[in-house]
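Student: I have a new model open on my screen and would like to learn how to read it. Could you walk me through some of its features?

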Amino acid sequence: MAASSVAASELLQNMNKHISILYPKASYVIRRISTSRQRSDSQPQLRVKSAPQQLVGVVGLEVHAQINSNTKLFSGSSVRFSAPPNSLVSPFDASLPGTLPVLNTRCVEAAVMTALALNCTINRTSLFDRKHYFYADLPAGYQITQQRRPIAVDGFLDYSFLGGKKRNQVIKRTVSIKQIQLEQDSGKSLHDDLRSQTLIDLNRAGVGLMELVMEPDMSCGEEAAAAVGELQRILQTLGTCQGNMSEGQLRVDANVSVHEPGEPLGIRTEVKNINSIRYLAKAIDYEIQRQIAVLQRGGTVQSQTRAFDSKSGETVPMRDKEGLQDYRFMPEPNLPPLIVYEDNASLPTGIDACQVVVVQAIREALPELPAVKRERLVQTYGLLPEHSLTLVNEDGLVEYFEEVLKATKKEPRKVIGWVTKELVGHLKQQDMSVSQSPIAPSALAELLELQETGHISSSAARRVFQEMWRSPGKTALQIIREQDLGLVSDTAQLHNICQEVLDSHPDEVNAIRGGNKKVLNKLMGLVQRETKGRADPVLVRKIIQEKTS
């Protein structure tokens, strides 16, 4: 077998050498073609390619979501971020002899609720397994997970993002969810480079996780980031995971490969533990381009585990994957099968519904999910889909928008611009959340109502908004009075100002009289400058049209 492999390799080298001599400028390449994601020991295939097609990326994700629970998955230890090291560790978490796991019902309910929101099939009976590997922060030498039969399978996640040339077109995609499984987290290794030592904090050991495995249905970083963003919003809406990536509550592993459309998938690399949606997009796009460059140089993509360096914007190798790691899975002997029930009618005699997990009760308690909320905003208020996407994507923005609408008679499609442009623009400039806005919904509604009733112009309203942002204690009416921003109501005064502008711009007047109506906007702007934005634009337009007719 080894001799035939060597002979095949020498044959490839000789054929490539002869082709390069006969056709030095041709793009013919004879190479090995992988028929699966893993390396294969099967006989290499010979192919002649005259014009390589464009390589495209293939992306699958594994997401670890920390379950929002007061205690851990199998022990009564508290769950709290940034607690003093090793202060939240029970005997079971430390894997002391004689300790046994006790399943946390809250974690099971969270997994079932998440699975329902992601359109999964709930396995009425699921199993726990031991996954063996040896790290210092895994005291038992194994992780309790669900390998053979997870709690849920075969779901899907619909997600959307803004694309197109102007980034205002809503693009919809769907990614399949292979499975959702319950498992316990490991501890945390703290590396002290100054003392050349590693310390172990077991506070996180045993915290409940949901691992969500997404099929390789995505092709770039933008799609993956949008999918994880939608998943994050769903989890936060459900309350099953707080989704704070900076605190490790949501961690993403990206499996990335490239191939020619219609051909088998290429060798994949795994980019581990990405803790930011922005970094996720950058890591995936970089890795796709890196693999394409390797193949275009005639190289081979190595099956590796890689990490993303946010400073350089590159992925860096951590370790090679020469073969499948043998985790020596075995059934968890200390946990019986996990059984959930469809409804109260299916409960065995004598079983209290409060002591088990009932799917129907969880289904009835599902809140309004982000996709449903977006559709409701479009149907109820006549918003554009891209506006509903912006509202739902910002935490608390839908509630802010609807509070403004309750306190003003202004049309929703006029209010949306103030919320998504003025408010969100100011929030992003100062890296603030909606809840931190110095302008309350009622205060913005008061400003919009003053504009709607003709007390101030739109340009003056924006000046008032900026002053309200700088001085949260002041109302819109106070600022208008202090800065004399009310509309000029004296018609004779407006006639005089318009006449002065027209007299000083005879060329523009002649252009309007010659049929160039676009120049009218320039003259209106000059009048607004003279009145500091206090002139009624409708009245100004009417006066200028009368004087230039």
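Tutor: Gladly. Let's start with a term: contact means heavy atoms within 4.5 Å. This is a predicted model, in which local features need pLDDT of at least 70 and side-chain atom pairs count only at pLDDT 80 or more, while totals for chains, interfaces and linings use all residues. Residues are numbered from 1 along each chain as its sequence is written, and side-chain values use heavy atoms, with hydrogens and water left out.

Student: Which residues is Leu 202 in contact with, leaving aside its neighbours within four places in sequence?

Tutor: With that exclusion, Leu 202 contacts Lys 72, Asn 86, Leu 88, Val 89, Ala 94, Asp 137, Pro 139 and Gly 187. Leu 202 sits in the loop between β11 (197–201) and β12 (208–214). Helices (H or I, at least four residues) and strands (E, at least two) are DSSP runs, numbered from the N terminus. The C-alpha atom of Leu 202 is also 7.4 Å from that of Asp 93, although 109 residues separate the two along the chain.

Student: Is Leu 202 buried or exposed?

Tutor: Buried means under 20% relative accessible area, exposed over 50%, and partly exposed in between (1.4 Å probe, protein chains only). Leu 202 has 13% relative accessibility, so it counts as buried.

Student: Where does Ser 437 lie, and what does it touch?

Tutor: Ser 437 is in the loop between α9 (412–429) and α10 (441–452). Its relative accessible area is 14%, so Ser 437 is buried too. Not counting residues up to four places away in sequence, Ser 437 touches Tyr 400, Leu 423, Leu 427, Met 432 and Trp 469. A polar atom of its side chain lies 3.0 Å from the backbone oxygen of Ile 439.

Student: Which helices do the buried residues of α10 pack against?

Tutor: They pack against α8 (397–406), α9, α11 (458–470) and α12 (476–482). The buried residues of α10 include Leu 444, Ala 445 and Glu 449. Just after α10, Gly 454 takes a positive phi of about 85°.

Student: How many disulfides does the structure hold?

Tutor: A disulfide is a covalent bond between the sulfur atoms of two cysteines. Here the term covers a pair of cysteine sulfur atoms within 2.5 Å, and the structure holds zero. As for individual cysteines, Cys 107 is buried at 0% relative accessible area, whereas Cys 220 is partly exposed at 21%.

Student: And what about the whole protein?

Tutor: The protein has 16 helices and 18 strands. Of its 549 residues, 44% are buried.

How values were computed. Polar contact = N/O pair within 3.5 Å; in protein donor to acceptor, adjacent residues only side chain to side chain.
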